[in-house]
Amino acid sequence: MAIINQATKELQVKIVYYGPAMGGKTTNLVQVHDHVPTAAGNKGKLVSLATSSDRTLFFDFLPIEAMTIKGFKTKFQLYTVPGQVIYNTTRQLVLRGVDGIVFVADSQYEKMPENVESFQNLVDNLNSLKMNLADIPYVLQYNKRDLPNAAPVEYLEFLLNHRAVQVPSFPATAHKCEGVFETLNMITRLLLQKYLAQTVLPAA
Amino acid sequence: MATLPQLIEEDVRQLDEVLRGFVAQTDAIAALVIDKGGFLLAHRGDAENLDFTTIGALASGAFMANQAIARLVNEKNFTSICQQGENFSLFVMDVDEHCLLAVIFKSQSGAGVVKYYALGATRQIARQLAVARERNPAAGLDLSAMNVADPQELFRKKIS
């Protein structure tokens, strides 16, 4: 849950990029880090706890600061989880205190079982933390759209977004920074809408 | 999962006071109060040379990972971790269900002193956080000036 610090006028929000292994979660953070202009969003260092082969071992972490909203500095903390099945305990640790989720799916046909399994794993891990996906703002990103074996977006929608309430989804080619900022801006928008709805305005 | 919804000036003043006293007693380089989700709540120390935001996220992750290991071996008494280096050391201690105290200190200072005073500091911090938690979480934050229909205002891709 977000931290609101009235004394320092800060709102801290945690966004976790979730999805199957090698789907492009870390690439999203790298692209955000590389392309956020310092003037518009104060970015911190990108910290990667990765194996020697550049696979995420624990998490990647990128703090960025958005514009001030009515006196509040809004700080977003972006995390990724390791996608490999064996790191499930680590994923549960990173999900703790999450405010918003970006599910990064791999568009390749042969990755569909992994996408579905990872999405179910997200639901299960949230439940183990006494959280419910329906209560958390999340968006879907269909990455690797530039590959020849990418499945149609409609098929990904059917597999991952076929629910009573559909969430926003974005096609992306993360390594070219296509769809990365659209996804990030949508999840931040959903998060701020949530906090706006929870706000109790002082009586006039 | 409930964590800390918001802190007001009184909370931050109290936390600052506890950290100020703790740093003076232990001669620590920095002391941080962090949420177990990785958020930085309060800090005291060398903010110019240390990236407290990142240290907070990593210290939280390290503590939680060690706690998960403790659970796997059925160890129920797990309240702190200590990494002793040649020059600098790190000590992280449980404050309550949601928060931690992380301390960076010179190794020559001795971990015993830090652990001893950390016990009292964590109790004081826990008391203040309990007060903050029981306060009305919805009051005070007004984002009404925000045009949430236009998310592009938040993050823009740098034009290269």
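Leaving aside its neighbours within four places in sequence, which residues is Ile34(B) in contact with? Counting two residues as in contact if their C-beta atoms, placed from the backbone, lie within 7 Å, the list for Ile34(B) runs Phe39(B), Leu40(B), Leu41(B), Gly56(B), Ala59(B), Ser60(B), Cys99(B), Leu100(B) and Ala102(B).

A quick note on the ground rules. This is a predicted model, where local features need pLDDT of at least 70, side-chain atom pairs count only at pLDDT 80 or more, and totals for chains, interfaces and linings use all residues. Residues are numbered from 1 along each chain as its sequence is written, while chains are lettered from A and ligands numbered from 1 in the order in which they are written.

**The core**

Ile34(B) also turns up in the largest nonpolar core, which has 94 residues; Val16(A), Phe103(A), Ile34(B), Leu41(B), Leu100(B), Leu101(B) and Val103(B) touch the most other members. Helix 5 of chain A (residues 180-198) gives the most to this core, with 8 residues. A core here is a set of buried Ala, Val, Leu, Ile, Met, Phe, Trp, Tyr and Cys residues joined through C-beta atoms within 7 Å. Buried means 20 or more other C-beta atoms within 10 Å of a residue's own C-beta, placed from the backbone.

**Strand pairing**

Helices (H or I, at least four residues) and strands (E, at least two) are DSSP runs, numbered from the N terminus; two strands pair if DSSP finds at least two bridges between them.

| Strand pair | Sense | Bridges |
|---|---|---|
| Strand 2 (residues 10-18) and strand 7, chain A | parallel | 4 bridges |
| Strand 7 and strand 8 (residues 138-143), chain A | parallel | 6 bridges |
| Strand 2 (residues 30-35) and strand 3, chain B | antiparallel | 5 bridges |

**Chain A**

All 7 of the 7 residues of strand 7 of chain A (residues 100-106) are buried, so this strand is largely enclosed by the rest of the structure. Gly100(A), Val102(A), Val104(A) and Asp106(A) cover one side, with Ile101(A), Phe103(A) and Ala105(A) on the other. Gly100(A) is the bridge partner of Ile15(A), and Ile101(A) stands opposite Tyr138(A) in strand 8 of chain A.

**Chain B**

Over in chain B, an open sheet of 5 strands has the order 3-2-6-5-4, with antiparallel pairing. Strand 3 (40-45) and strand 4 (80-84) of chain B stand at the edges, each with a single partner strand, so one side of each is left without a neighbour in the sheet. Back to Ile34(B): its opposite number in strand 3 of chain B is Leu40(B).

Key:
A residue is buried if 20 or more other C-beta atoms lie within 10 Å of its own, exposed if 12 or fewer, and partly exposed in between; C-beta atoms are placed from the backbone.
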